Amino acid sequence: MISSLTQAERGAAMLITLAGMVAGLAMAAAGQGDPMGAHGWIVLLFFALFFGLLARAAYGSDELEDRSLAYYDDPTKVGILLSLAWAVIAMGMGVWVAAQLAWPDLRFDAAWSGFGRLRPVHTSGVIFGFGGNALIATSFHIMQRTSRARMPGQVAPWFVLFGFNLFCLIAASGYLMGVTQSKEYAEPEWYADIWLVVVWVVYFTLYIRTLARRREPHIYVANWYYLAFILVVAVLHIVNNLAVPASWTGAKSYSAFSGVQDAMTQWWYGHNAVAFFLTSGFLGMLYYFLPKRAERPIYSYRLSILSFWGITFFYIWAGSHHLHYTALPHWVQTLGMTFSVMLLVPSWASAGNALMTLNGAWHKVRDDATLRFMMVAAVFYGLSTFEGSFMAIRPVNGLSHYTEWTIGHVHAGAMGWVALITFGSIYALVPGLWRRETMYSWKAVEWHFWIALAGTVIYVFAMWNSGIIQGLMWRTYGESGTLRYSFTDSLVAMHPYYVARAFGGLLFVTGAIIGAWNVVMTIRHVPRQVPERDHPTTSETMEPALPAAE
Amino acid sequence: MSVLAFLIPVTLVMGALGLAAFFWSLRSGQYEDLTGDAERILFDADDTPLTPPRTSSRRDTTSKETTK
């Protein structure tokens with residue numbers, strides 16, 4: 001890794017890590033007695049680790065490969081491994097919190113292990129740790145391949161990757177200490193938010209600089225999806241996290257907005273985080289790896305471009321459907337509902353386009369679990385976008401909101417769509433990236449596929465059933481016009497479904513562990529592929545090159 | 001609802017940016033050869049960047065053919 005950096009790049013990297021160490025020390029000193037101080041130590045240690053690695057190699061060899069001859073894949077490789085590590089940790093957390101709902105004793109009476117603190121470790125860990133790392137890794141791969149150009153420089157990609165993981169680390173450790181600004185998917189406090197803005201700006205400029213170097217005139221559609229993901233997430237993140245720190249020496253801050261204004265900003269962010277973090281970026285993955293794996297061009301490239309502009313222009317207005325029947329003005333709710341229903345068109349266009357691409361390649365779907373991951377992901381994308389549009393309709397929302405149905409919907413998208421397309425893409429990417437012939441075990445990929453699918457189906461069906469039961473119990477009135485069931489009645493009715501949900505999640509994380517094991521074994525034990533010649537060879541020219549002894 | 005006086009302009013500006021990007025892509029000829037654009041990602045068996053034009057390698061000439 002470090003040996004492929006030039007002396008100038010090593011110097012720049014050391015300066016950055018040094019600045020990081022100073023910032024960490026300042027946070028640790030200023031935030032004594034506050035979780036911010038603990039975060040200061042984490043930041044200090046994090047940068048010290050990289051400073052140490054760089055210092056050891058500072059005067060090492062400077063023999064560099066010709067950079068114009070190959071893509072820069074090291075950050076992609078590390079990103080994939082980090083993504084898998086986060087997947088196992090964060091999905092494991094998910095199983096733990098799911099089990100806590102069924103058996104509350106599993107909290108073990110500690111403050112840090114309460115549901116309220118562990119749940120954001122699960123959600124942030126899965127969305128940002130697993131999903132974010134996978135997005136960064138695959139975007140580095142795709143932007144270089146489709147541009148037929150190498151990334152500029154070798155410091156920025158590492159800065160983006162490790163900087164982003166530092167954000168995830170601060171976020172997750174903060175939740176355990178009770179640091180949160182209580183905004184869903186935007187829980188980290190002000191200093192973590194500022195750091196993410198820095199990382200994100202570097203990410204965006206890196207992407208644009210790579211595209212500017214492209215040797216292929218056309219910008220492939222996947223790049224547009226990734227760019228929308230990066231750009232829109234930046235704007236959403238900045239606006240939703242506008243806050244005034246209570247002091248410069250503590251983690252606590254107060255939102256710039258209050259009451260329903262704050263709620264509207266939060267769900268404008270929250271829904272678009274689903275749209276541009278969990279949809280747009282992963283559609284970029286789908287539009288690259290599905291055609292590559294099926295060895296067929298996308299069914300309608302024109303439609304893929306149309307659906308890109310469709311979701312880009314529609315999604316941003318849909319957030320207010322999270323606030324039906326609240327103090328939010330009625331017309332704003334209706335606006336969000338209308339756009340949510342319209343979204344079905346570009347969403348199904350993408351799902352249909354992916355499935356139509358497989359027409360003529362269904363035998364590959366049957367034989368190849370990797371392609372099957374992507375196919376089922378497209379099906380779940382279609383299912384959950386339909387469900388999302390449906391649930392955004394005000395009267396339907398009256399039944400579904402605040403119930404487990406919402407959790408079921410989110411997980412149909414997160415497990416069925418996001419995670420399955422990611423695992424499919426990782427299996428498609430890993431052998432080529434490490435120049436291996438195949439994955440270590442194709443049987444393990446099959447097992448992962450079926451376990452993950454079974455886990456998703458069990459999870460989603462359990463939550464659909466429990467959510468609808470819950471919603472109906474809460475709105476059932478007796479003869480005298482009073483509520484028929486107490487809240488506790490509905491809670492007792494949930495128990496079997498909570499057990500089923502924890503079991504479904506356990507299956508899913510088992511699949512992820514199998515996947516991570518398979519990837520590690522592929523890297524360690526599958527022989528390197530003999531590099532293919534990239535110039536024409538004929539039998540005559542080959543002849544003299546053969547060693548005489550053989 | 002002062003927040004809407006904030007969110008709606010932000011959203012409209014983002015929409016306008018998107019529209020500008022779309023018109024740029026339209027005018028710069030991004031959509032001239034959609035069939036070729038969709039298929040070219042499938043042909044990178046050697047998995048290396050295209051070399052700069054000054055070195056005349058085989059790959060470079062084929063890329064010129066496909067983009068025209």
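**Exercise 1.** What distance separates the centres of domain 1 of chain A and domain 2 of chain A, taken over C-alpha atoms?

*Solution.* Keep in mind that this is a predicted model. Start with the bounds: the assignment for chain A places domain 1 at 1–57, while domain 2 is made of 73–245 + 257–526. Taking the centres over C-alpha atoms, the separation between these two domains of chain A is 30 Å.

**Exercise 2.** Describe the side of domain 1 of chain A that touches domain 2 of chain A.

*Solution.* Count the residues to begin with: domain 1 of chain A brings 16 residues to the contact, and domain 2 of chain A brings 13 residues. Next, look for the elements on the domain 1 side: α1 (7–30) and α2 (35–56) of chain A each give two or more residues. Of these, α2(A) has the largest share, with 8 residues. Finally, sort this side by class: 13 residues are nonpolar, 2 are polar and 1 is charged.

**Exercise 3.** Which elements of chain B each supply at least two residues of its side that touches chain A?

*Solution.* Begin with the contact between the chains, where 31 residues of chain B meet 44 residues of chain A. On the chain B side, the elements to list are α1 (4–27), α2 (34–40) and α3 (58–67), each with at least two residues. The largest share is that of α1(B), which provides 8 residues. To finish, the classes on this side of chain B are 16 nonpolar, 8 polar and 7 charged residues.

Key
Residues numbered from 1 in each chain as written. Chains lettered and ligands numbered in written order. Predicted model: local features only at pLDDT ≥ 70, side-chain atom pairs only at ≥ 80, totals over all residues. Contact = placed C-beta atoms within 7 Å. Helix = DSSP H or I, 4+ residues; strand = E, 2+ residues; numbered from the N terminus. Nonpolar A, V, L, I, M, F, W, Y, C, P; charged D, E, K, R; others polar. Domains from an automatic or database assignment.
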